[in-house]
Amino acid sequence: MDINNSNWRIRRGKIIDSKQMTPSEKWFEIALDEKELDHEPGQFVQVELFGVGEVPISICSSPTKKGSFELTVRAAGRVTREMHKLEKGDFIAIRGPFGRPFPVKTMVGNDLLFVAGGLGIAPLRSLINYVMDNRREFGKVDILLGSKSPKDMLFSDEIGKWGKRLDVNFACTVDKAEPEWKGNVGLITSLIPGVNLNPERTYAVVVGPPVMYKFVIAELLKKNIPERHIVLSLERHMKCGMGKCGHCQIDHPKNYYCCKDGPTFTYDEVKDAKKL
Amino acid sequence: MKYHVLEKEQLNCFIKSLAKKMKVVAPISKGHGNYVFGEVKSADEISLNYVPTILPPKKYFMPTKEKMLDFDLSGKEPKDTAALDLEEIAIFGVHTCDLAGIQCLNIVFNERPRDYNYLLRKEKLFIIGLECNKYCDEYASCTLVNSHLPNGGYDLFFTDLGDRFLINVNTQKGEDFVESIDLPKAEPKDMTALEKLREEKKKIFRNEIDVDPKKIPEMLDKVYNSKLWEKVGEKCLSCGNCTNVCPTCYCFDMEDFINLDLKTGYRLRTWDSCQFETFATVAGGENFRSQRSMRQRHRVYRKFKFPVDKFNRFFCTGCGRCSRTCMAGINLKEILKEVAEESKF
C-alpha cells in the first residue's frame, strides 16, 4: 500500500471550453491529462479548487463522447461561485468518477420517458445523449423538460435538435414566460398525462429538484409505471465520494450512501425517504 | 493461544522498556472522574482502574485533524502530494469496548475505495488491551453487544489477576516484544485463575437492558416513524458530543487551507458530526435531516441497524460514552428500552 496511490490524490485536467449558459449556470468542457474519464451515464466527479474546497458535480456528457467530458455548474456555494471564474485553458483538479450509474443495461429494449426539471437536465443529458448515440438499442423515447422561464432553459441548441428528431418525442414547458413565448406554460406534471406509453415496458428517468419528485412520481404512478421502473437521481452533499464521510447518507430506514449506492435509485428503493 | 505473566511490581519495567522503543500512551486521570489517553513514561502515571476515557483511542487511528493532501500553487500548474505523518505509538490499557470500536473502524476504512491514510497509520500502532473485571459505571452496556470479553483486535491483552497480570499474546509483534523483555510463560495455575475470573464475570456482567440484542434491528424497522424520536429530539442540543466521543463514529469533513506564503496549502480531514444542524445540507439550501429528532434517529440507526445490514455487527461497543457525556441526559440504554417497548405495538 503506497500512500502516493491514495484515493485523495487528484486527476489533472484542463478546461478546453466553457460557456456561461445563464447568469447562474456555467458549462465546462474538460480534458484530463490521461485523456478518458471513463465514466457511465449518471455518475459524478469531485471538483477540487485548491485552497477553496471540493464539490460534487454531475457529469453532463455521455461516455460515448471521447477525449473530454462536460460539467454544468450552478453557482450555489463558495466553491461553485469560485469555479465560475475559471475559463478555457485553466487547470482543473478532479477525483472520480463516483457513484452508481443509471441502469442503462436493464433499460435496453424498453421505452424510455425522460423527465427533467431545471438543472436536472445536466445529469440526465449524460443518459439522453448516450441513448441518442445508441438509439437502436431502445424503444420509444419521450423527453419532457421543465424550466422556470425560456431564458433559464439549459442546452437550448441541443434541445432544438432533439425536438427535430423523428425518433424522439419532445415536449417542454416553462413555469412562466413573456407573451412572445409560443410553447407550453405550466408545471412539468401537466405534460405527463399526454404521453402515450405502455407502462410495463417503460422506464421513466426523472431528475430535478427535491420538490419536483413527489408530484412527478404521483403522475407516473397514475400511468401505472411500476415503482422499480421509475429511476431517480438524488442530490446530497457527497464530500468524499467513497461511502465514508457520512454527509450524503439518505434519511431512510435502509442504509443508503448517495455517493456509492446512488446517486441513481429506483423509486421502490427510496420511496420511504421523507424527502427525495 | 500463548500466555505470559507479569508481576504487578514489574509493570513499570514493562512500560519503560516499551517507552524505549516507541511513544507510549495510556489512560491517565484528569480529575473529577475524567480520564484521557495521554503519553506516559512510567507505570505510576497510569490509571489502571478507569472509566472510559473522554475520547476513545480512535484519536490515534483517525486524528481529529489529519492532513490528506499537500498542494503547491507556485508553479505554472498546481501540484499535489499525498500527505501522511506517521508515528509509532503503543496504546496501553485499551478496554474491550474500545478494541471492538477499533475493529469497526478497521472494517469501514478497509472497504473499497480504501482509506490509505487510516490503514497505514494503523500499522504503526501497538495495541495492548486491558480486561475489565467489573463494570466501570452504570452507563456501560457492553454485555448487550458482547464486548465485555476480548474478541481479538490487540497485540497483547492484560488481565488483572490480583498480584500479577496474565498477558495474552495475539500477534507476532506482541510476541517479539514479550520475548525481548524475557517474560515468563503462564503456568496452569494462571490459566485456572483466568477461568475462575471469567466465571465470576458471568455473574457480574448481565445484559444491561433485558432486550435480546438480535432483535434490535427488526425492532428499529418497526419504530422508524415512532414519536419516540421526537421525544429524544426535544432534549437534544445538537452539540455533537455523543458522536465525537463514540469509538465507532467516523464521519468527517474536508477543508482546504492556504499557508501564509499564499503558494502552498493542504487539505484537512476533520471530525464532523451527523448531529450538527447543517450536516446534511446541500448548497441550494435544502437540509435533508433538518430536525434534531431525525438526526438522533439517524445516530441510533447507524449503531444498531445500518452496520448490521452491511457488516453483520453493531457499531455500538457499549462503552457508554454518549450517555455519559450528554449534557441533556439522553441515555442510549433508555432509548433502546423504549425502542423495545414501542416495537411491541
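Let's start where the chains meet: 42 residues of chain B are in contact with 35 residues of chain A. Contact here means that the C-beta atoms of two residues, placed from the backbone, lie within 7 Å.

A word on the source. This is a predicted model, where local features need pLDDT of at least 70, side-chain atom pairs count only at pLDDT 80 or more, and totals for chains, interfaces and linings use all residues. Residues are numbered from 1 along each chain as its sequence is written, while chains are lettered from A and ligands numbered from 1 in the order in which they are written.

Back to the interface. Strand 10 of chain B gives the most, with five residues. By class, this side of chain B has 26 nonpolar, five polar and 11 charged residues. As for the classes, Ala, Val, Leu, Ile, Met, Phe, Trp, Tyr, Cys and Pro count as nonpolar, Asp, Glu, Lys and Arg as charged, and the others, Gly among them, as polar.

Now chain A. Chain A has six helices and 13 strands. Its C-alpha trace spans about 55 × 45 × 35 Å along the principal axes. With 276 residues, a compact globule would have a radius of gyration near 19 Å, and chain A agrees with its 18 Å. That radius is taken over C-alpha atoms, and the globule rule is 2.2 Å times the number of residues to the power 0.38. Buried residues make up 50% of the 276 residues in chain A. Buried means 20 or more other C-beta atoms within 10 Å of a residue's own, exposed means 12 or fewer, and partly exposed is in between, with C-beta atoms placed from the backbone.

Chain A is assigned domain 1 (3–98) and domain 2 (104–233). Domain bounds come from an automatic or database domain assignment. The C-alpha centres of these two domains of chain A lie 25 Å apart. Between them, 15 residues of domain 1 of chain A are in contact with 14 residues of domain 2 of chain A. The domain 1 side has five nonpolar, seven polar and three charged residues.

On to chain B. Its secondary structure comes to 13 helices and 11 strands. Of its 345 residues, 42% are buried. Chain B is divided into domain 1 (2–60 + 85–204) and domain 2 (213–248 + 275–342). Their centres, taken over C-alpha atoms, are separated by 28 Å. The contact takes 20 residues from domain 1 of chain B and 17 residues from domain 2 of chain B. Helix 3 (residues 96–110) of chain B gives the most to the domain 1 side, with seven residues.

Last, a helix pair. How do helix 8 (residues 228–235) and helix 10 of chain B pack? Their angle is about 110°, and their axes are 7 Å apart. Axes are lines fitted to C-alpha atoms, for helices over the stretch in contact, and angles run from 0 to 180 degrees between N-to-C directions. Helix 8 and helix 10 of chain B are therefore roughly perpendicular. Angles of 65 to 115 degrees count as roughly perpendicular, under 35 as roughly parallel, over 145 as roughly antiparallel and the rest as oblique. In helix 8 of chain B, Trp229(B), Glu230(B), Val232(B) and Gly233(B) meet Arg292(B), Ser293(B), Gln296(B) and Arg297(B) in helix 10 of chain B.

Note on methods
Helices (H or I, at least four residues) and strands (E, at least two) are DSSP runs, numbered from the N terminus.
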